[in-house]
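Good morning, and thank you for the time.

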Amino acid sequence: MAGKRAGQSVTASLVLTLGSAALWGLAHLWVGRRLTGALLMGIYTALIATIVTALFKAQPELLSLAVQPSWLWTFALCALLFAAATVTVVIRSYQLVRPDSMTGPVRYLSALSVGLLCAMVIAPMAYVARLALVSQHVVTSVFAADTAPIPVDPWRGRDRVNLLLIGADAAPRRPGVRTDSMTVASVDTRTGDTVLFGLPRNLERVPMPAGPARDHFPYGFGGEPPYTPGLLNEVFQYAEDYPGMVPGVPRGHRGPILLKKTISDITGLDITNYAMVDMSGFADIINAMGGVKVTVKQPIVYGRQNEGLIRPGTRKLSGEEALWFGRARTYSDDYVRMGRQKCLMNAVAKQADPVTVLRSFEKLADATMHAVSTDIPQALLPNLIDLSEKVKQAKIKSFQFVPPLINTAYPDYPLIKHKISAILAAENSEAAAPTGLSLAKDAHTHLRQGVATLDSTCN
């Protein structure tokens with residue numbers, strides 16, 4: 001070993017030290033420490049092979065782990081331990097291969113080079129650890145703490161899971177929150193096939209669930225006349241303002257509970273959880289992504305003072321522009337707006353690729369914590385991740401209960417429930433009998449004559 005060190009140039013020693021950062025044990029083998037070198041190489045190769053295999057072969061499993069706070073702490077710790085181990089190997093490798101003859105400035109410059117190399121090793125691992133800890137903070141801040149144990153298979157015995165998706169608009173000069181976008185996502189737990197049922201915000205005389213709410217509004221929700229018209233989008237805030245509607249429930253939870261029960265009764269579906277996105281916060285999410293590309297079919301008036309237009313064409317919108325794309329009703333109506341909102345959500349979901357997410361991860365995390373609220377428990381997230389993988393590969397259909405089928409001033413609520421039941425029966429028939437689809441197709445053709453679909457708005 002001494003002979004090799006004596007004849008070793010400074011450049012060669014630094015190259016070997018750098019090589020040891022990329023492949024543990026290289027310097028050890030060079031100086032004749034074969035056993036230690038082989039052991040280090042074996043450990044390093046096994047670690048890298050495990051990481052690469054996990055990234056390419058076990059992505060769903062990794063995603064499931066990445067939404068569990070305990071595993072996120074583990075990822076952060078592992079990243080820091082890997083950085084510490086690599087730095088230790090680098091420093092020891094340099095000690096083994098540096099020439100004995102180094103003196104003065106050369107010695108200090110070479111030591112500085114090794115220090116910079118160590119910093120380059122630590123920086124990405126520290127960033128990975130930070131991402132894991134930020135993710136952990138998002139999970140614990142946004143998702144509900146576990147109040148009851150989650151079964152290993154929470155979908156067992158359930159053909160479909162129904163989630164309420166809410167777009168909330170807390171506009172200036174208007175107290176409280178209005179849930180201007182309400183969609184029930186009904187997901188087939190076997191195939192991932194999804195049906196989105198959109199309910200207009202301006203449904204009147206909404207039947208209230210049994211209990212204090214129905215006692216107070218026996219003939220349907222009436223709001224606070226003459227100050228409000230008594231629309232579906234007021235139910236959430238009414239429950240927040242009047243604790244007696246949902247007794248014994250703290251503020252911040254009354255609105256979601258009453259709205260879930262109300263929409264469950266309207267649709268006849270067992271809605272298990274909700275997720276709500278504040279539209280202003282949604283603009284921050286889009287800005288963090290660097291904008292979102294959508295196809296604008298008709299000119300859309302931009303701003304509260306009509307200060308501009310979002311012109312037709314396929315273009316990238318900023319967060320503020322996207323907010324108006326989903327909010328504006330000038331020269332259109334609620335039903336066209338419902339379609340644009342779904343297109344916007346779909347575009348964001350498709351364009352939030354891993355590169356985009358990693359590039360702006362901390363901004364996205366911060367925007368998400370301020371924009372999203374939900375009662376989905378943390379323990380259910382791994383199962384939802386697994387289900388979402390099915391949804392990505394499955395069909396998604398959208399049905400909107402809008403005029404002329406539904407008169408929002410005098411809605412036929414039994415008809416809404418009947419249509420939803422028939423649509424899902426047709427979906428189940430199609431899934432159960434893929435070789436004999438005529439009955440399901442006939443049912444869909446009949447139903448689509450009365451249920452307006454807004455999917456074409458996206459094209």
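I shall speak about nonpolar cores and then about aromatic rings. Please keep in mind that this model is predicted.

I begin with a general remark: in soluble globular proteins, nonpolar side chains tend to be buried together. Here, the largest nonpolar core holds 39 residues. Among the members that touch the most others are Leu-164, Phe-197, Leu-258 and Phe-401. Several elements each supply at least two residues of this core, including strand 1 (160–169), strand 2 (178–188) and helix 10 (254–267). Which helix gives the largest share? Helix 17 does, with five residues.

Let us consider one member more closely. Setting aside residues up to four places away in sequence, Leu-258 touches Met-208, Pro-209, Ala-213, Val-235, Ala-239, Met-245 and Val-246. There is also a second, separate core of 25 residues, and Ile-285, Val-296, Leu-317 and Ala-347 are included in it.

I turn now to the aromatic rings. The count comes to 10 aromatic pairs. Is Tyr-44 buried or exposed? Tyr-44 counts as buried because its relative accessibility is 12%, and buried means under 20%.

Elsewhere, Phe-217, Phe-221, Tyr-238 and Tyr-242 form one aromatic cluster. Finally, a charge meets a ring: the charged end of Arg-340 sits over the ring of Phe-325, 5.9 Å from the ring's centre.

Conventions
Residues numbered from 1 in each chain as written. Predicted model: local features only at pLDDT ≥ 70, side-chain atom pairs only at ≥ 80, totals over all residues. Heavy atoms only, no water. Core = buried A, V, L, I, M, F, W, Y, C linked by side-chain atoms within 4.5 Å. Buried < 20%, exposed > 50% of the residue type's maximum accessible area, 1.4 Å probe, protein only. Helix = DSSP H or I, 4+ residues; strand = E, 2+ residues; numbered from the N terminus. Contact = heavy atoms within 4.5 Å. Phe/Tyr/Trp six-rings, centres within 6.5 Å; stacked < 30°, edge-to-face > 60°. Lys NZ or Arg CZ within 6 Å of the ring centre and 35° of its normal.
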